[in-house]
Each structure stands twice: as C-alpha cells, then as structure tokens.
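Trainee: Could you take me on a close look at one single part of this model? I would enjoy a connected walk through it.

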Amino acid sequence: HGGRWVVNGGWVDTRRFTDALRRYLMKSGSFEEGLLEYDQVHFHEDKIQWKEYTAGAIIDCSGVDAIRHPLFSDLPFNPCKGEILQINTHGLPKDMVIHGAMKIIPLGGLEYLTGATYDFNRIDEVCTEEGRNKIIAALGKMMDVPYTISSQFASIRPSTKDRRPIIGRHKENTKIYIFNGLGSKGVMM
C-alpha cells in the first residue's frame, strides 16, 4: 500500500523527552525557564549574571524564536510548519512504525499519530483543512482499515536550510552557545 514497516526502529517522543530533561535539570538547580532578554544579561570577564543566577555561559535553546533574535539572525534557519493527526483504528500493528508518504506511529491501545506535513510558506501553529486533507489522502494510499480522527496538531519545526542542527559557540560572544535547528532530521541525528 505504498509504505513499509520499520522493524527495530522507533521514534523520539520529543515532548516527553524534553519534559523529563527539564524536570531532571530543575531538581539539580540547573534550569530556569522563562523569557531571557539578552539586555538583562550582564557579561563579565569570567562569568555572566542574569537575575540572581551566575554561570559560565548561556545555552540558547529557544527553537524557532531564535530566528527573531539579532544574535542569531545570520544563521541558516528555514522554519517549517508541520501538521499531524491522532487517529484511532483497529488492524494496524501496535509494535512498529509504518513509513511511507506519512508515518503512522503507534501510541498504545488503538491510538496512532500520523503525519507530518511540510509547509515552508505558512509559519504558524494553526491547524488547517489543507493539512488534514494531505494526511487523509496519504493514509488512503497506505492503509485500508477504517479510522477516526481524534485530534489535529500544528507546530513549527526550527529547521535549517541544510537540515542539520546548529550547535556551538557564538562567533563573537564566547559566553553564548546555541543548541537549535532540531527539525525532523536534527532530532534524528
């Protein structure tokens, strides 16, 4: 039906992973979540100061928001909107990913995630009928079991032009690092 099984493969539930990492770092006092305005950061020769925090460096992991920051405006970002559907169905394997025009990922029980679309023109988090229809059309070619749609999601991948992550120190300020560009391929790498 235009797809293939991915045996001994899997997927990273990035939301679950980042939530667990956030909790781990918060327990050790190594994480502060909030809006960081660089004009509130005081750079000293051997340290930086922000609010009551002192550190050796900042690692900016602001995702697609980094595009709007002057420090990173020259980096090769290429944001991409993606939409997915959560479906319920019988008759699909519960222990492997199906990879074709779209991916079908088992979540447990009768629930699956499927998608995703790629849209480099509309960079917003609004679910669209067009995105929904693209996924439905692809599913129609990949499977012949009935399903119901329970949810639709849209988000923006902080992708890069060469599809590789951006990790490293700022070229001018040695106390600022960036960890970003983890679009669909960056997460895999």
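Mentor: Let's begin with a term: buried means under 20% relative accessible area, exposed over 50%, and partly exposed in between (1.4 Å probe, protein chains only). This is a predicted model, where local features need pLDDT of at least 70 and side-chain atom pairs count only at pLDDT 80 or more, while totals for chains, interfaces and linings use all residues. Residues are numbered from 1 along each chain as its sequence is written, and side-chain values use heavy atoms, leaving out hydrogens and water.

Phenylalanine 179 is partly exposed because its relative accessible area is 38%. Phenylalanine 179 belongs to strand E12 (strands, E, are DSSP runs of at least two residues, numbered from the N terminus). Strand E12 (residues 176-180) runs antiparallel to strand E11 (residues 166-169), and four bridges join them; strands pair if DSSP finds at least two bridges between them. One of these bridges links phenylalanine 179 with isoleucine 167. Phenylalanine 179 also contacts Ile59, Asp60 and Cys61, among others, leaving aside neighbours within four places in sequence (contact means heavy atoms within 4.5 Å). Serine 62 is 117 residues away along the chain, yet its C-alpha atom is 8.3 Å from that of phenylalanine 179.

Now for the hairpin: six residues separate E11 and E12, and lysine 175 lies in that loop. Lysine 175 is buried and has no salt bridge, with the nearest side chain of opposite charge, aspartate 46, 6.8 Å away; a salt bridge needs a side-chain nitrogen of Lys or Arg within 4 Å of a carboxyl oxygen of Asp or Glu. The lysine 175 side chain does reach the backbone oxygen of glutamate 45, at 2.8 Å.

Definitions and conventions. Lys and Arg count as positive and Asp and Glu as negative; His and the chain ends are not counted. A polar contact is a pair of N or O atoms within 3.5 Å; within protein, one must be able to donate a hydrogen and the other to accept it, and residues adjacent in sequence count only if both atoms are side-chain atoms.
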